[in-house]
Amino acid sequence: MATAGIRRAGLALTILGLAGLVLVYWLSFFWVSTEMTQGVAQRIFYVHVPAAWTSFLAFGLAALTSGMYLWLRDDRLDRAAVCAAEGGMVFATIMLTTGPLWGKIAWGTFWTWEPRLTFTLLMWFIFLGYFMVRSSTEDPEKGKRFAAVVAIVGALDIPFIHLSVVWFRSLHPQPVVLKPEGPTLPGDMLTLLLTSLTVFTVLFFGLFLLRYALEGLRSRVELSARATV
Amino acid sequence: MPRLRRAMRTLLPMALLAVAAASAAAQDMGLDPPTELARQSLRPYWHVFIAYTIAILLVAAWAGSIAKRLADVEKRLGE
């Protein structure tokens, strides 16, 4: 797809995602029922969990495209990886800031060094390192290769984050949707959660495509600059 | 990319306004009453509003930064 087409698709998905986000907020305030024990604070769930899912998706995509870049050495794959990693950082930051706000109400503390929170913070720092490694080498190609390895290592943390609440004693709640016996959420909460997951995913892909179009234009600028030298 | 920037400048404030209006209306209308336990031990509203605001602000900041960088690159390409 040409850059203009990617931009149009990205813009359309972003607008759809922003409209969906307004709908999710509306449903969260006016439609979904209030959870019995945690009260209104449980509504943070409809932002926190979709942000977590989207960050895992983005970091997973970054790792996949990084792995393929190491194999095929196609610059488009590296561009996709950096765009996905940037999106992953945004959504992981949402997850890591909304979680403590909920934790303060539910657990009485903003932060505790329990396994899931610690693995998640580790993943955030690994991907912060991804951007530092990219720009730390004199040879950009070497930086891209090193960063690709960091992205793969960072994504290996995702299964540990998911399973840490099963493997270890943890303050963090167990999964309520992705479990062998099926979701245990009430119907309206599950509906809103799935709506929010869809909206966050659409928003991520919209912004990812716009960011990818930006990287495409940047590489064109670099090529034309090299041609004039 | 002037069209994208224009669209972002129009849509983002509209989205923020809609969210702010929803938050204000929610405070006015009140929600389903929490249980007695929740009422006694929880101070939840401002945490929820801050969490929702952080989410939309970070997404808006990313969108805005992409739009700005796109405009800058387009300008360089045009030179």
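Reader: What is the mean pLDDT of chain A, and how many of its residues reach 70 or more?

Author: The mean for chain A is 90, and 97% of its residues reach 70 or more. Here pLDDT is the predictor's confidence in each residue, on a scale from 0 to 100. This is a predicted model, so local features need pLDDT of at least 70 and side-chain atom pairs count only at 80 or more, while totals for chains, interfaces and linings use all residues. As for names, residues are numbered from 1 along each chain as its sequence is written, and chains are lettered from A and ligands numbered from 1 in the order in which they are written.

Reader: Where in chain A is confidence lowest, and where is it highest?

Author: Helix H6 (residues 157-167) of chain A has the lowest, with a mean of 86, and H2(A) has the highest, at 96.

Reader: And what is the mean pLDDT of chain B?

Author: Chain B has a mean of 75, and 63% of its residues reach 70 or more. Within chain B, helix H2 (residues 36-41) is lowest at a mean of 50, and H3(B) is highest at 92. For the complex, the predictor gives an ipTM of 0.90 and a pTM of 0.83.

Reader: What makes something a helix here, and how many are in each chain?

Author: Helices are DSSP runs of H or I with at least four residues, strands are runs of E with at least two, and both are numbered from the N terminus. By that count chain A has seven helices and zero strands, while chain B has three helices and zero strands.

Reader: Why is Arg73(A) called exposed?

Author: Arg73(A) has 12 C-beta neighbours inside 10 Å, so it counts as exposed. Arg73(A) sits in the loop between H2 and H3 of chain A, and its phi is near 55°, a positive value in a residue other than glycine. Most residues other than glycine have a negative phi.

Reader: What about Ala19(A) and Phe160(A): why are they called partly exposed?

Author: Ala19(A) has 17 other C-beta atoms within 10 Å, so it is partly exposed. Phe160(A) has 16, so it is partly exposed too. Ala19(A) belongs to helix H1 of chain A, and Phe160(A) to helix H6 of chain A. Phe160(A) and Arg116(A), by contrast, are 44 residues apart in sequence and 7.9 Å apart in space, C-alpha to C-alpha.

Reader: How do you know that H3(A) has close to its expected length?

Author: The expected span is 1.5 Å times one less than the number of residues. H3(A) has 32 residues and reaches 46 Å from its first C-alpha to its last, close to the 46 Å expected. H3(A) is also mostly covered, with 24 of its 32 residues buried. Just after H3(A), Gly108(A) takes a positive phi of about 85°.

Reader: What makes a nonpolar core, and how many residues does the largest one have?

Author: It is a set of buried Ala, Val, Leu, Ile, Met, Phe, Trp, Tyr and Cys residues joined through C-beta atoms within 7 Å. The largest has 82 residues, and Ala62(A), Ala85(A) and Ala151(A) have the most contacts inside it. Helices from both chains give two or more residues to this core, including H1 of chain A and helix H3 (45-78) of chain B.

Reader: What is Ala151(A) in contact with?

Author: Two residues are in contact if their C-beta atoms, placed from the backbone, lie within 7 Å. Leaving aside neighbours within four places in sequence, the partners of Ala151(A) include Ala62(A), Ala85(A) and Tyr130(A).

Reader: How many residues of the two chains are in contact with each other?

Author: There are 41 residues of chain A in contact with 36 residues of chain B. H1(A) gives the most to chain A's side, with 11 residues.

Note on methods: A residue is buried if 20 or more other C-beta atoms lie within 10 Å of its own, exposed if 12 or fewer, and partly exposed in between; C-beta atoms are placed from the backbone.
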